[in-house]
Amino acid sequence: MIAWIIWLPFVGAVLCYLEPRIARLVGLAVAVLTLISIGQLSAEVMRNGAYSYPMGGWLAPLGITLWADGLAVWMLLLNAVVGLGVSLFASGYFKAPAAKHFWPLWLLLWGGLNGLYLSADLFNLFVTLEVVGLTAVALVTLSRERIALTAAMRYLLAAIFGSLAYLLGVALIYAQHSTLSLLLLADLNTTPGTLLALALMTFGLLLKTAIFPFHFWLPLAHASAPAPVSALLSALVVKASYYLLLRLWLFTYGDGLAAAAQVLALLGAAALLYGSLQAFRQRRLKLLVAYSTVAQLGYLCLALPLMFIGTSAAAYHGALYHALAHALSKAALFLAAGLVLQAYGHDRLSGLRGMATHLPITTFTVALAAVSLAGLPPSGGFIAKWWLVTAAIDSGQWVWALIMLAGGLFSALYLFRVLVIALLEPRSGAALHPVPRGLELIALALALLAILIGLRTPELLALLAPGLPLGGPP
Amino acid sequence: MNWDFWLPLLVLLSSLATGLLIFTLQGRLRNLLNLTGAAVTLVLVAIGGVGALRGAEHETRLPLLPGHDLLLRIEPIGLMFVALAAVLWFLTTLYAIGYLEGSPNRSRFFGFFSICITATMGIALSGNLLTFVIFFELLTLATYPLVVHPGTREAMRAGAIYLTYTLIGGAALLLGVIWLYTLAGPVEFTRGGTLAPLADSHQGALIAIFFLLIGAPAVKAALVPLHGWLPLAMVAPVPVSALLHAVAVVKAGAFGIMRVVFDVYGVELSAAWGLSGVLLLWAAATILYGSLQALKQDDLKRRLAYSTVSQLSYIALGVALLGPLGIIGGLVHLVHHGITKITLFFAAGNLAETMGIYRVSKVDGVGRRLPWSMTAFTVAAMGMIGLPPTAGFISKWYLALGGLEQGLPWIVGLLVLSGLLNAAYFLPVVYRAWFMPPKPEFPAATGQDAPWRMLVPTLATGLLSLLLGLFAFSPYSPLVLAQEIAAGISP
């Protein structure tokens, strides 16, 4: 059954490619079925603990082993929930020519992501990472505008360069240890060779995650893609490489990286400040949202050093809660931006006066997403910030605590800028295209989820428990 | 899971559900639902209140984070605030339906209005700091759309300044709470405080945390120099200024200060490190500053806003005095000021809506046109000055006694001076309205006084502000309740 989670989207992608007329139907069916199978998997992992599944019965190091623990389940669920939401949205949003390409590519991407989260060896991780990267680049080009092609080209170069650096690191590991299985490599000792490998892999992953100063490709790519694609890229794709970073640093290398992690935190802090500043300066909604992603990814990086110093799992929980809350709220925000684009024909902030009157549901969606992104209660973002700041203060890392709190204020600053314009009295005579109510409600549902996960923390945390890294390696 | 568990939650849900439903409704149905929701809340609060006074323990505890609960409790100290908010919500809703008749975006307005009440109730009922933080920030967020409701540039600027003050305050509060939690674990509000064991080992940290915790409430309670947002926020519609910026928001701040001093640090710790002394001077300075500023305002609502700045610090003053009589004065002023100030705002709204009068210099002779509204205004103005037999007199009397009790006779001088200043900025309004000849540019008479939906709440709160003074010692009165609470805090 675990293998189905990977196969379903891939089979769906092929079907969509062969028979574009039923692509929408296939896409939605795959989305629902994938969510169901991931739900089953998570129930199983919660019942029996983390487990590995040798594909075709071949054991490591010969065969491919799938590995599902709390962290993997968490990411899979995040993917599936946002993926279902975006799929529903896309089925009403895309018109004929773009839809033909969207469904096969998106399902391929989804299959790649699921494969990535279930892989337990460095080479499979590389392959899935490539699938994710290449399909993501292809999706950016769907809007067929010249600027999107430029953005996609830049994205492609960054993705390939990142993959190469990662692959080099993998090769170094293999040369020294003759295995690539994460399970066998657990608790690597920090010899110069393995450290160099880690540095290379980390560099590649930072580039793919668009952590400052390697963010250069993200804003344009995320802003010029069609709205559902932007949602997928910002909510899901960047999280995949971050997940791998987390696995490597936490599960495979473990202790001994505390000092090096401070460097990552420094990058994270810079991302938070720089991304916020840029977001504040943007004049277009989608670019603003894209720079907000640059800033929000800073939190994820800042969380890493907090996991090494101190004894509690607060930072780990905080980072993953942040990933979840950000995925939901950012997807909602990009979908809302897509609707704005549809209604107004542009997304210039200065032209969105009176949006609260024209598109009340979408404005409310933006507001809810803003609440979570700014880490204001009650929301998933607040819970994440609570944990992260707790971990920072608990371990005496005051600077990071203050920066994270300030980051919340910055997010509020640039997101409320949008709301201020939206709440201004409408100018009369604006001709708007109608927006389907159903699409508005899908975006709203995602934003509501970002709020609601802040109220059901204990239940959600139970998902993460199997194979908690701080209780020892898996 | 039983009635005691559900009641505090139901108090919140009754207004929250009302708010969420209102977003989707229009017209008469919306008004009906709104008033029903307010009435249900009122009934639930009454049941909870009577229960709490008879010793029942209404407590909702829901796990929010591992080791941290969302904790709601109906306790006497919160009960005063909850009851005030519930009664005034009902009256203000009636008023607002009349006031906003025919204006756009009303569903949005009333929806957020109800959510503000939910947040206020949550603050009043919260049993630990985490719960307090959540509702405190929710109140900030839910108030924002109401401040900017007119949708003008001026309103947007006021909203931006409001958010700047409150969100920065909120971040400081969050830092303080998390810092305290890392030192002391989850801190529940407990009479006398729970921090005594840490007093020797972490004195510096605890003093810093005290000011972080006080900071955000001080912004909402508009202590100088954190008051800048309040006069600007008067750009909002009158019902917002009346309920939120005279009662819910500012009192949430004052209430927060009470909770920190009484139930987190405790009277002894607050006194030992001179923390209460700082608060006392801060409050005294704000009382004088607010009154002096109010004198200068010609805009009626802004004059009322500065009066709020001044009067809110009476509460902080009472808290900081730490003696039983001072605490009684502070606690009871929370209710008395709320009832009195909302009357003034209602009356000012009636002037604005029926006569188009926004400035003090224009009220000449308006008493003949709006006799009932101006009568209510006059009674409430006497309450603000602190003349007997109004409710305002009772609070000031106890505050003065509280000052003497602590050996601080200058407090009496301060209160007298402030009373004179209050008279100096309220009596001219009253004098002009009743004794000056009417201006010729008044619009033609459309009927006697304001529409009934606006007049009834004005008269009700005006009468109440008088009755609370006349019958201050009857059972279940705010004063008697305050005496009981104060006895528990500082015997």
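1. A residue is taken as buried here if 20 or more other C-beta atoms lie within 10 Å of its own, with C-beta atoms placed from the backbone. By that criterion, the buried residues of α15(B) are B:Ala391, B:Gly392, B:Ile394, B:Ser395, B:Lys396, B:Tyr398, B:Leu399, B:Ala400, B:Gly402 and B:Gly403, and the cover over them includes α11 (300–321), α12 (324–355), α14 (371–385), α16 (410–435), α17 (452–470) and α18 (478–489) of chain B.

2. This is a predicted model, and its scores should be read alongside every point in this note. The model has an ipTM of 0.91 and a pTM of 0.94, while chain B has an average pLDDT of 92, with 98% of the residues scoring at least 70.

3. After α15(B) comes B:Gly407, a residue whose phi is positive, near 70°.

4. In chain A, helix α11 (residues 285–308) and helix α15 (residues 380–394) have axes that come within 10 Å and cross at roughly 35°, and the crossing of α11(A) and α15(A) is left-handed. On the α11(A) side the contact is made by A:Tyr299, A:Ala303 and A:Leu306, and on the α15(A) side by A:Leu388, A:Ala391 and A:Ala392. Classed by residue type, the contact of α11(A) with α15(A) comprises six nonpolar residues, with no polar and no charged ones.

5. Between the two chains, 26 residues of chain B are in contact with 23 residues of chain A. On the side of chain B that touches chain A, at least two residues each are supplied by β1 (59–65), α5 (129–147) and α6 (153–184) of chain B, and α6(B) provides the largest share, 12 residues. The residues on this side of chain B are 21 nonpolar, four polar and one charged.

6. Is B:Leu175 buried or exposed? B:Leu175 counts as buried because it has 22 C-beta neighbours inside 10 Å, where the cut-off for a buried residue is 20 or more. Its contacts, leaving aside neighbours within four places in sequence, are with A:Leu405 and B:Leu212. The C-alpha atoms of B:Leu175 and B:Val187, which are 12 residues apart along the chain, are separated by 14 Å.

Notes: Residues numbered from 1 in each chain as written. Chains lettered and ligands numbered in written order. Predicted model: local features only at pLDDT ≥ 70, side-chain atom pairs only at ≥ 80, totals over all residues. Buried ≥ 20, exposed ≤ 12 C-beta atoms within 10 Å, placed from the backbone. Helix = DSSP H or I, 4+ residues; strand = E, 2+ residues; numbered from the N terminus. Contact = placed C-beta atoms within 7 Å. Nonpolar A, V, L, I, M, F, W, Y, C, P; charged D, E, K, R; others polar. Axes fitted to C-alpha atoms, helices over the stretch in contact; angles between N-to-C directions. Left-handed = near helix turned anticlockwise from the far one by under 90°. pLDDT = per-residue confidence, 0-100.
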